[in-house]
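The sequence and the structure are shown first.

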Amino acid sequence: MEVCEISDAKQISYLLSVACQHPMDHEKTILQTVNPYNEDPHAKEFGITFENKLTIVKGRVLPPPVLKFNDQGKVKEFLPKVGKWNMRLKQMVKGGEVNTWACINFASDITHAAAVAFCDELAVMCVISGMNFKGDPVLPLVNAKPNHVRPFLKKHYQRFMEILRPLHKELDLLIVILPDKNGTLYGDIKRICETDLGLVSQCCLAKHVLKMKPQYLTNIALKINMKVGGRNTVLLDAVVGNLPRVSNTPTIIFGADVSHPHHGEGRSSPSIAAVVASQDWPEVTNYAGLVRPQARHEEIIQGLFNENDCGSGCISGGMIKEHLISFMRSTGHIPRRIIFYRDVVSKGRLNMVLEHELSAIKKKQHHTRLFAGNYGVGSTIFQSGNVLPGTVVDKEICHPTDFDFYLCSHAGTKGVSRPVRYHVLWDENNFTANALQILTNHLCYT
């Protein structure tokens, strides 16, 4: 099964609709699967019985954080309800700038006039939301065919730069309109823009371009703002210095993961390690990302730390050091606390990862699901039948001695929400004086 590919978009849509069961239906399926085992002769022989009901655990719903928006908007602070909010009467807390932009239309069913109208509406929505978005593109909108996308993008990038280079400017944003069934086109465009051209791109599907719904335009504006260096919102607790374990001392938050090639990909395809880190304190809303290829199916991140022998001694480097230097330059502080989230580490390799990567927080792969105790009580469940966002369980089903807990952070709109299991593996409140001195020395390199 893992070497098969689904080539029909309709099949993918149907598969998703079947897989996204309502939580109540999914619960019934689990019970129907387990109950027959009570009649299994081998289970009876060994005296094994199965409960015909799910384990009941006590959970609680954490209060949502208050969000802070720009003071120029009518709504300056907002308390989300069941994990959702919109941008009505609100402005981005820090609007980014798009001074130079262009648009390429790959969707044959979108006319030139419709594409131009969409870009105009998107630019207006960006300005309304708080961005500084110039209204005219560098060149008029270009219609294109998906064939030979690489040479086409490079050719038109050169056209853009022939105009911008004498002005000592870069192209801030490339808007790309894609056909609804675009196959590999989206991935090709992203790869070319990110790795070959160094362009910030925003892709939009044709079906959304035709409808031009305000909610969609707002969501795209939020994405663009983050991509060009803006900030959409911050936590009010962070602004007033009341964020636990973060506000009281300069803190950098890391997130790390390794993705592996799928079955069927070439044997030369490497695994990809990615590490992101916060670059603003105390708000901790802006994150920079670094990626490194490494040995195929290697779970331990090889590029976190490394040393180069330059003859006169070893100079340390790696993704951790790059992030720490960037944090210091952007905030003016040396971080005195590191919070490190490490995604999906198999239990068998846990000690190896800890030894190599120092501190990590493991979100272990699991099949635990949380179901509401009463689907008829609307105040205890989300509209999709899932538990409310912010639901946390830290008893009964957790590790007997370690500090771990299950948390549903977001509002699950389809299917059954999968809680994240957070497992604290190593917690040191502050660096030792020696460690801080080493970090200081590392940051002194230019």
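## Strands β8 and β9

Strand β9, which covers residues 201–205, is mostly covered, with 4 of its 5 residues buried. In this predicted model, β9 is joined by 5 bridges to strand β8 (residues 173–178), and the two strands run parallel. Within this pairing, Ile-177 has Cys-204 of β9 as its bridge partner.

## The sheet β3-β2-β10

An open sheet is formed by 3 strands in the order β3-β2-β10, with antiparallel pairing. Its edge strands are β3 (77–78) and β10 (234–235), each of which pairs on one side only. Between strand β2 (residues 67–68) and β10 there are 2 bridges, and these strands run antiparallel; the bridge partner of Leu-67 in β10 is Leu-235.

## Strand β19 and its partners

Of the 6 residues of strand β19 (residues 403–408), 5 are buried, so the strand is largely enclosed by the rest of the structure. Strand β19 is joined to β18 by 3 bridges, in an antiparallel arrangement, and here Val-392 has Leu-407 of β19 as its bridge partner. A further 5 bridges join β19 to β20, and these two strands also run antiparallel; in this pairing Asp-404 stands opposite His-423 of β20.

## Aromatic pairs

The structure holds 7 aromatic pairs. One of them is formed by Tyr-37 and Phe-50, whose ring centres lie 5.7 Å apart with the planes at 45°, so the pair is tilted. Because Tyr-37 belongs to the loop between α2 and α3 (41–45) and Phe-50 to the loop between α3 and β1, the pair ties together parts that are 13 residues apart in sequence. Tyr-37 is partly exposed, with a relative accessible area of 45%, and Phe-50 is likewise partly exposed, at 35%.

Tyr-341 and Tyr-422 form an edge-to-face aromatic pair, with 6.2 Å from centre to centre and 80° between the planes. Tyr-341 lies in strand β16 (residues 337–343) and Tyr-422 in strand β20 (residues 420–424), so this pair ties together parts that are 81 residues apart in sequence. Tyr-341 counts as partly exposed at 33% relative accessibility, whereas Tyr-422 counts as buried at 16%, because buried means under 20% relative accessible area. Ring pairs also link Tyr-341 and Tyr-422 with Phe-403 and Phe-405 into a cluster.

## The second largest pocket

The second largest pocket has a volume of about 810 Å³. Its lining comprises 27 residues, among which Thr-55, Val-57, Leu-370, Phe-371 and Ala-372 lie nearest the centre of the pocket. The elements that contribute two or more residues to this lining are α2 (23–34), β1 (60–61) and β18 (391–393), and α2 gives the most, with 3 residues.

When the lining of the second largest pocket is divided by class, 14 residues are nonpolar, 9 are polar and 4 are charged. Strand β18, one of the elements named for this lining, is also the strand that 3 bridges join to β19.

How values were computed
Residues are numbered from 1 along each chain as its sequence is written. This is a predicted model: local features need pLDDT of at least 70, side-chain atom pairs count only at pLDDT 80 or more; totals for chains, interfaces and linings use all residues. Side-chain values use heavy atoms; hydrogens and water are left out. On a 1 Å grid over the protein atoms alone, a cavity is a set of points where a 1.4 Å probe fits but cannot get out, and a pocket is an open set with protein on both sides within 12 Å along at least five of seven lines; lining residues have an atom within 4 Å of a point. Grid points are joined across faces, edges and corners, and a volume is the space filled by probe spheres set on the points. Ala, Val, Leu, Ile, Met, Phe, Trp, Tyr, Cys and Pro count as nonpolar, Asp, Glu, Lys and Arg as charged, and the others, Gly among them, as polar. Rings of Phe, Tyr and Trp (its six-membered ring) pair if their centres lie within 6.5 Å; planes under 30 degrees apart count as stacked, over 60 as edge-to-face and the rest as tilted. Buried means under 20% relative accessible area, exposed over 50%, partly exposed in between (1.4 Å probe, protein chains only). Two strands pair if DSSP finds at least two bridges between them.
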